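Morning, everyone. I have one structure to walk through today. Please bring it up on your screens.

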Amino acid sequence: MDEVNEMAKILGSKQKKYLEFSIHPYALPAFEFFNQSSLLVNKTKMERQALIDLNVGLPLQGVFESNHLQIVSGFEFISFSLAELDLSVCEVIIHSNLANNDIAQKAWSAVIRSLLTSLDPHQLELTRRALNESAPKSVLNSVFGKNKLSQSCFAEITHLSRSTLAQQYSKAEGDKLLVQEEVPTIFSLLQQKAKSDLSGIKN
């Protein structure tokens with residue numbers, strides 16, 4: 001028990017005042033991945049005050065670096081916002097002796113734990129592929145038992161068929177091609193303008 005207390009402690013109210021904070025560099029990839037994910041709930045449609053209220057009691061984990069709090073997890077909650085974060089209402093747990101790999105592991109584990117219950121059901125296959133590209137293999141192996149999350153495994157735990165997941169990816173690729181066809185590139189616009197200018201000169 002004493003060993004646990006030495007490794008992690010809850011930050012007191014006085015210590016949280018005027019404390020600067022940021023996302024830990026080794027947690028940043030997980031933070032960015034979560035913010036780019038398609039979630040079941042669109043937080044931009046929620047009232048600002050509601051999100052602030054949800055932050056009361058928000059559990060944050062972090063480490064101290066030169067009297068600066070570097071957040072390791074807690075950003076995977078829908079109410080979290082660096083711009084709106086008020087540490088005084090959060091439960092801040094400070095870790096010591098955390099290696100960089102352990103920090104990345106904590107951050108990614110927290111993100112995956114949150115995503116498994118809050119993902120947009122229409123974006124599951126894209127998320128599976130993104131996880132395989134971005135998440136550390138050690139984290140995937142810890143959560144799913146393999147270094148790579150297979151389509152069959154994801155279909156089983158999400159109660160969907162592999163064909164449904166494959167259709168999600170095909171639709172996303174089709175939508176992407178449609179957008180590329182509909183939106184002219186800057187180069188093509190310049191070409192059109194040049195042709196127009198040349199025709200004007202000839203006339």
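How many disulfides are there, if a disulfide is a pair of cysteine sulfur atoms within 2.5 Å? The count by this rule comes to zero. Cysteine 90 is buried at 1% relative accessibility. Cysteine 153 is partly exposed, with a relative accessible area of 22%. Here is the rule for those words: buried is under 20% relative accessible area, exposed is over 50%, and partly exposed lies in between, using a 1.4 Å probe and protein chains only.

A word on the source. This is a predicted model, where local features need pLDDT of at least 70, side-chain atom pairs count only at pLDDT 80 or more, and totals for chains, interfaces and linings use all residues. Residues are numbered from 1 along each chain as its sequence is written, and side-chain values use heavy atoms, with hydrogens and water left out.

Now the overview. The chain has 10 helices and five strands. Both are DSSP runs numbered from the N terminus: helices are H or I with at least four residues, strands are E with at least two. Of the 203 residues, 31% count as buried. Take the contacts (heavy atoms within 4.5 Å) between residues at least 6 apart in sequence: 74% of them join residues at least 24 apart.

On to the sheet. In what order do the five strands lie? The order is β1-β5-β3-β4-β2, in an open sheet with mixed pairing. β1 (8-10) and β2 (21-23) are at the edges with a single partner strand each, so one side of each has no neighbour in the sheet. From one strand to the next, the twist averages 35°.

What does pairing mean here? Two strands pair if DSSP finds at least two bridges between them. Strands of a sheet pair through backbone hydrogen bonds, either parallel or antiparallel.

Let's go pair by pair. β2 pairs with β4 (residues 69-73) in the parallel sense, over three bridges. There, serine 22 stands opposite glutamine 70 in β4. β3 and β4 are antiparallel, with four bridges. Here valine 63 stands opposite glutamine 70. The β3 and β4 hairpin has four residues between the strands, and serine 66 takes a positive phi near 55°. β3 and β5 run parallel, joined by four bridges. Glutamine 61 stands opposite isoleucine 93 in β5.

Next, the aromatic rings. The structure holds four aromatic pairs. Rings of Phe, Tyr and Trp (its six-membered ring) pair if their centres lie within 6.5 Å; planes under 30 degrees apart are stacked, over 60 edge-to-face, and the rest tilted.

Look at phenylalanine 31 and phenylalanine 75. They form an edge-to-face pair, 5.4 Å centre to centre with 85° between the planes. Phenylalanine 31 is in helix α3 (residues 28-36), while phenylalanine 75 is in the loop between β4 and β5, 44 residues apart.

Last stop: arginine 129. Its charged end sits over the ring of tyrosine 169, 3.6 Å from the ring centre. The rule asks for NZ of Lys or CZ of Arg within 6 Å of the ring centre and within 35 degrees of the ring normal.

Notes:
Axes are lines fitted to C-alpha atoms, for helices over the stretch in contact, and angles run from 0 to 180 degrees between N-to-C directions. A disulfide is a pair of cysteine sulfur atoms within 2.5 Å.
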